[in-house]
Amino acid sequence: MPLNASGWSTPLSSSTTLSSPPSPRIDKVEPTPYDNPRIQASQIVEYISSRSATSSFVYVYDVAEQVGFGTLTKEWANAQEAGTAPVVDLQTRAGAGLSLVGRLSQGTSHEAGRGSVLTSYTTPSGLALMAPAFVHLPAANATSRLVVQVPTVTPTGETLSLSSTLSPLASVWSLFPENVSVLLSSTTQQAVDFAKIAYTAIDSHVIHLFDHFSSTREFGHALKEPTTEGATLAEALKHSGYSYFEYSGDAEAQTVLILLNGPLALAAKSVIKNNGISGVAVVTVNVLRPWDEAALKAVIPPTARTIHVVDEVPNALTQGSLYVDIFSTLLGGSLKPTVQAHRVVPSQTQEYLNEEKAFLSFIAGIAPAGLASLPVLPKDNRSIILFGTPQSSLASIPRVVEDFFLSHPKISSRLLTDFDAFSKQGGIFASRIIVGPKSDAISPVPIPVAIPLDRNASGQSDLLAVLDQNLLKTHSLLKYAKPQSTVLVNTTWTPEEFAANASGEVGSTIQERDLRVFIIDAKDIANGLAGASGPENDAVQNLVLHLAFIRLYLGGKASEGTLLRVVGSSFEDTIFGIPLAKVNAQAWARLHSVALSEVSPSSAVLKNFDVNAIAVDIEGGETVVNGARLGSWHDAAKHLLFPSAYTHPSAESSEEYTQNPALRPEVPDRTFLVTCTVNKRLTPLEYDRNVFHLEFDTSGTGLKYDIGEALGVHGWNDEQEVLDFCEWYGVHRDRLVTIPVPGDETKVHTRTVFQALQQQIDLFGKPPKSFFTDLAEYATNDVDKYALLFIGSPEGSSTFKKLSEKDTVSFAEVLRKYSSARPGIERLCELVGDIKPRHYSIASSQSVVGDRVDLLVVTVDWVTPTGSPRYGQCTRYLSGLKIGQKVTVSIKPSVMKLPPNPKQPLIMAGLGTGAAPFRAFLQHLAWLAEKGEEVGPVYYYFGSRYQGSEYLYGEEIEAWIMDGIITRAGLAFSRDGRKKVYIQHKMLEDSEALAKMLYDDEGVFYLCGPTWPVPDVYEALVNALVKYKGVEAKEAGDFLEGLKEEERYVLEVY
């Protein structure tokens, strides 16, 4: 049985980090997940759905795992747990359901041919994309049908707050064909039962939507194993004690609310039932499709005068499908009640589930007066909230407290833990617990409704605990405490220090609500009892806080002896050799009350808690948060999941545009995110060279550059090659890797495997010799190991040279060639290293183009002796840029600078894309001339193969010649004539003028392009100086060398 029987490793361990039980594994003591209040209903739904006895395959869509559903199924499948069905990962996109339809369609699917029950996990938004494809589903039968399990959680708004809204489905409810049944559940037992019914009913395909926003993630429910029977949906429901519609409330109600089953329906039913409201009833829709008109008419009492239909819709203009169904059902019947529509948009759903008595006020508007003032919870229930940080050793305290209550047979206790990952680095959790006497007569109120985390809360918590004192400085937490309730704070402050620190909102809330505040220093007590930090110290801290918490919960009934007896029943007499009585005595003596005489004002604005993350703990200490696999919440979530909130602290800057630390944090250079606006090929399509012109919009980035500087492009690897490699290497593209930042081992950056291999790791670059030696230690095959060691040795130099220079093998090809050498993906990333930015001379002057930067690039490609194509990594990336695509760039200074005096003569010699910086020069000189400034003579030499194909920026050059910016142009197109002509030949024609400009007029010479013409150009200038200035060749050479020192002989060659 792949579920942990205890639900956590040990009550006082520091290994429990986030919410769910650590992961599923075979447990010989506990053969099933049932009757165990420490296992969530959502886990049991996964368990039922993933059994090979019920499902042939489980298709887990990404959006489901992003809300914490499907992770365990994948874990069980990857661990090859007995009885687990195979799992397939799918991406959510338009038409997402077609792949499932295809697998079930007769004649086109192997699964259909042999019989198959397919299970899919998705969310309401994912289901909305799948729905149009369901019209193509074949008829369901005993051996071929589809079951879709849908956790009703949807991220909404700018902060991605989690919501139970069904609004994404409003427009598609009517699309589901007759052979698709839609079930909705709200309570934990109902969710488990309906999950099982979905596989028992063989007469239709089934979609099951269940409340994953709250109830199925709660702990504290000992759920019974479903005993469903019946071949049809109606039979299975009846056998399990359910019906299409559930009626709750006054049997002779005049006012009836009808809602789709979910947290809002459960809240309405609970409030009306628990308070015995007369004249009002709630009808909950358990089965939306097929729509049963007779069943609805049967549950509506003849006394009903007004039917209020609550529809969750994306906007107030959308007509709800439920209203249409109900109105059409009642239109022709004997009952003639008024049917009123209430369209609830996502923001209202959030309000009703998270704001204090907001839903009661809504119901009060359509029900008898006075309803809004009724209690949400029964009077004998108590509400508890604990706030802490997930990475803390005290993160398991809520589960310790819950376990204490669960150990008492007459007490009912429910725990729900939610996370806010945006408002604090490392996250913050809120654990809400409802405690009360066990009673079958009480309908459970959804925890978010009973204990709302309202931004304007007047307080619903009877006992509130803050496990980290620093949270009081950053978050508005005490507002959730009821007036005259109790607050426990774990802090290193003394009572006097606490009073001094309780300024502003904290202090005023304590005074205004007359809160009873108690403080305890659990760490100091643990240090005294258990010594230095470690598991023993963590355990004692947990125990101390548990004792203090239970003491405050017991209130006036508590004494030191009573507390020891009550809590001691759950533990041994000693903890790590420390007598429990001694820990109890310390916890009793060191719990201090705090009195505030006056409150100091404070300008600090405290943050609100917002639910935006769901976490699942799995075997081995890993945590999956919103679908991303983490080794540590603190180390990874802040870098990837929530970049706006979790970035490395950066120094204060007075810059108008500050560096975004999340933008290539491994790169030491100042980086900018620019937008591609032009990608234009300059050479003909049939030409064998692709030379192209790029323009990037830099507005809003603060990017500034000088004439002649280079743009560093942080290019990406080819997407398909990366995906192919991931599949071959056997690593999931969405797994996270956390890698140290080069040059600063105190920092890390985190990406998915796909992001790392596409955007950062030089997987398709050329490996150095050391890589072969480093890789050898991971080879499991002796032949591979010794071959790698040989290539990396001095004796293997010729082999390495052939691989590197002739075959030009990449890191990826070496890994494929020696396939038994497979280091872990994190280690592989470190061995390969990062893609280095490629620098390209900027082909524009910012004085002319403004918020823009231009590049001139030629695609680099070649074929190896074996016929394998090769591509330059960055030019391939740049050539494929789409308009609007973002590119990370940096600026690199260059030696290509204009002289300070614009009157100095300039000689520019560029080959191919070496013309780039000279275009920037000429743009700037033309701009100066337009302003009326005098500029010196410019000799421009350009060389390429064919004028018709490679006269780069030819039209601009001709215009500058006509305007007199270019004094003389020496254009050398080597393949156009019978005799090859290069730029040095054109320079020889102007020898006298060149010699004068350099020798007499302080002219500056520039050469940009490949290295091969450098000797010939150098010789042409030496000969010019010898012939026209009467100097010896050696003296001429020394003169040119001197010009280098003066930055008047400038080479930028590659």
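Me: Buried means under 20% relative accessible area, exposed over 50% and partly exposed in between (1.4 Å probe, protein chains only). What percentage of the residues of the protein count as buried?

Reply: This is a predicted model, where local features need pLDDT of at least 70, side-chain atom pairs count only at pLDDT 80 or more, and totals for chains, interfaces and linings use all residues. Residues are numbered from 1 along each chain as its sequence is written, and side-chain values use heavy atoms, without hydrogens and water. Of the 1054 residues of the protein, the part that counts as buried is 57%.

Me: How many helices and strands does the protein have?

Reply: Both kinds are DSSP runs (H or I over at least four residues for helices, E over at least two for strands), numbered from the N terminus. The protein's tally is 39 helices and 41 strands.

Me: Let's look at one strand. Which residues of β29 lie on each of its faces?

Reply: Strand β29 spans residues 710–713, and both of its faces are covered. A710 and G712 are buried on one side.

Me: Which residue of β36 stands opposite G712?

Reply: β29 pairs with strand β36 (residues 886–892) in the antiparallel sense, over four bridges; pairing takes at least two DSSP bridges. Within β36, the residue facing G712 is S890.

Me: And which residue is the bridge partner of V713 in β32?

Reply: Strand β32 covers residues 838–841 and runs antiparallel to β29, with four bridges joining them. In β32, V713 has as its bridge partner R838.

Me: Which lining residues are the closest to the centre of the largest cavity?

Reply: The lining (residues with an atom within 4 Å of a point) of the largest cavity has 24 residues. The closest to its centre are L166, L184, L260, N261 and E312.

How values were computed
On a 1 Å grid over the protein atoms alone, a cavity is a set of points where a 1.4 Å probe fits but cannot get out, and a pocket is an open set with protein on both sides within 12 Å along at least five of seven lines; lining residues have an atom within 4 Å of a point.
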